[in-house]
Amino acid sequence: MASRKRSPLRCPVCNGPLRKTRITPLGSVTADLRWELHAGECPEHGWFQAEVISRPPREIFAVTRPGGIARKFTINGKPLYAFPTIWNRQDPLVKADPYDARYWEVDWSKLPTGTVVFSS
Ligand SMILES: [Zn+2]
């Protein structure tokens, strides 16, 4: 069962492992598209989640809890809601394993430089 796999999700801020990680199947978009919600908590930076729809996620969201509302954060004063992943800059027609951890890394080239600050 795919839902028993380990989530490649890590903290987008410190790249540390997350605790309480969970993969929630959200059903099928179509017969062969798998749709899952991955979530986990960084002891320092809080909850994060990402949606997998048969491909790696394009963004990782900071959330109040799994399935909860997005937490806004700022980098160098710029308000943001999501961390774009390396997958975000791939050609969407490329086939990829949705669990390939390389694609889950944050694409910092798309974000302002500075310290990530959560408004809590
Ligand atoms: Zn962290």
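The model is predicted, so local features are given only at pLDDT of at least 70 and side-chain atom pairs only at pLDDT 80 or more, while totals for chains, interfaces and linings use all residues. Residues are numbered from 1 along each chain as its sequence is written.

We may start with the overall build. The chain has eight strands and zero helices, where strands (E, at least two residues) and helices (H or I, at least four) are DSSP runs numbered from the N terminus. Its radius of gyration, taken over C-alpha atoms, is 14 Å, which agrees with the value near 14 Å for a compact globule of 120 residues; that rule is 2.2 Å times the number of residues to the power 0.38. Along the principal axes, the C-alpha atoms fill a box of roughly 45 × 30 × 20 Å. Buried residues account for 22% of the 120 residues; a residue is buried if 20 or more other C-beta atoms, placed from the backbone, lie within 10 Å of its own, exposed if 12 or fewer, and partly exposed in between.

Turning to the sheet, three strands form an open arrangement in the order 6-5-8, with antiparallel pairing. Two strands count as paired if DSSP finds at least two bridges between them. Strand 6 (78-80) and strand 8 (116-118) each have a single partner strand, so one side of each lacks a neighbour in the sheet. Strand 5 (residues 73-75) pairs with strand 6 over three bridges, and Ile75 has Lys78 of strand 6 as its bridge partner.

The largest nonpolar core holds 16 residues, of which Leu9, Leu18, Phe48, Ala50 and Ile60 touch the most other members. Such a core is a set of buried Ala, Val, Leu, Ile, Met, Phe, Trp, Tyr and Cys residues joined through C-beta atoms within 7 Å. Strand 3 (46-53) supplies the largest share, four residues. Ile60 touches Pro12, Phe48, Ala50, Ala82, Phe83, Thr85 and Val106, leaving aside residues up to four places away in sequence; contact here requires C-beta atoms, placed from the backbone, within 7 Å.

Finally, Gly40 lies in strand 2 (residues 34-42). Gly40 is buried because 20 other C-beta atoms lie within 10 Å. Beyond residues up to four places away in sequence, Gly40 touches Ser7, Leu9, Leu18, Arg19, Lys20, Thr21 and Phe48.

Definitions and conventions:
Two residues are in contact if their C-beta atoms, placed from the backbone, lie within 7 Å.
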